[in-house]
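Welcome, and please open the model in your viewer. We will go from one selection to the next and look at what is there.

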Amino acid sequence: MNTQSDTKNVSQGTANTTGGAPPEVMDYEGSDYQERFWGSGERDYEDRAERIALRKLVPPAGRRLVEFGAAFGRLADLYGGYDQVILLDYSRSLLAQAQARLGHDQRFVFVAANLYKLPLVDGVVDTGVIVRVMHHLADVAAALAEIGRTVAPGGALVAEYASKRHLKSIARYALRRQQWSPFDSNPYEFVPLNFDFHPDWMTARFRSAGLTIEQELAVSHFRIAVLKQLVPARYLAAADGAVQGIGARWKLTPSVFVRCRVPGSAPSALPASLFQCPECRGSLTDGGVSMDCTHCGRRWPVRAGIFDFKEPLDV
Ligand SMILES: C[S@@+](CC[C@H](N)C(=O)[O-])C[C@H]1O[C@@H](n2cnc3c(N)ncnc32)[C@H](O)[C@@H]1O
């Protein structure tokens, strides 16, 4: 059993869509994720190690970046080199926390949406980031197809996933304290909507989505309770940073970071409009209190500075 689940006090919900049944979504609405998971300082090491990896992988500057599943904006300070930053999440309450922290900075755009049905136009950003979200995705292929279409040709997608083939799970399996094999290529759902993935399986998914893997980093080598108690987080994270590159050869850590490239040459300009209708992909006009679809007529509310594409207004 993976003890690093992010999902105590969150519920499972489904996207409110028409048409085919969408994959189930891990719903963080109203959760205390920020305080409970990151507030205690228990994961200072992981936070630091992840930031080291992201500084190596995320292109330092660009026109527009989107973080999928950005929650309360934990990593937003890493995007200082971008002209515009879209923080997108399914949870309105976590986005409201992000907005309270970052709303004074006009570069940020807050978007409530399901990443399986994005309200973003094709090729709208030059960088996409997704960290600690992949493990909640029951349909990784569908998510990567949708995410990938929003990144412009030549752009980068920096993605983190939880690996099942890490040293602790290998040791537990060898000692017969764990039934499932870390070497089996299929995803392992350790609690509902919490998956660990085999690195080879994830590599195949990135490739099937038409993405080229450019660089990988193995992250959180030292996620061991006793080490975290004994060694200050900044030293442990620095040690992790020193071996993230070489460790990627074997990928034996619980977390793997990947920078993928979208094939093609970068356009001279990104689309001026960010949004399209997540239901019919029609173009939207700004109706002041809502973004209105010129094709299907749905009206997507804008509430307190958050573009909300989860549920249209009644028409
Ligand atoms: C474990 S948190 C990670 C938050 C942030 N990326 C970080 O590393 O601090 C997972 C986030 O993914 C979001 N999420 C999960 N499934 C989603 C979906 N289908 N669409 C949009 N966001 C989703 C959740 O609302 C939650 O905020």
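pLDDT is the predictor's confidence in each residue, from 0 to 100. The protein averages a pLDDT of 94, and 93% of the residues score at least 70. This is a predicted model, in which local features need pLDDT of at least 70 and side-chain atom pairs count only at pLDDT 80 or more, while totals for chains, interfaces and linings use all residues. Residues are numbered from 1 along each chain as its sequence is written, and side-chain values use heavy atoms, leaving out hydrogens and water.

Now select arginine 63 and aspartate 126. They form a salt bridge (a side-chain nitrogen of Lys or Arg within 4 Å of a carboxyl oxygen of Asp or Glu), with the closest N and O atoms 2.9 Å apart. This pair links distant parts of the chain, 63 residues apart: arginine 63 lies in strand E3 (residues 62-68) and aspartate 126 in strand E6 (residues 125-130). Strands (E, at least two residues) and helices (H or I, at least four) are DSSP runs, numbered from the N terminus.

Next, pick arginine 51 and aspartate 47, a salt bridge with its closest N and O atoms 3.2 Å apart. Because they sit 4 residues apart in helix H2 (residues 44-57), about one helical turn separates them.

Finish with glutamate 214 and arginine 259, whose salt bridge has its closest N and O atoms 2.5 Å apart. Glutamate 214 is in strand E10 (residues 212-219) and arginine 259 in strand E11 (residues 255-261). Across the whole structure, a search finds 23 salt bridges.
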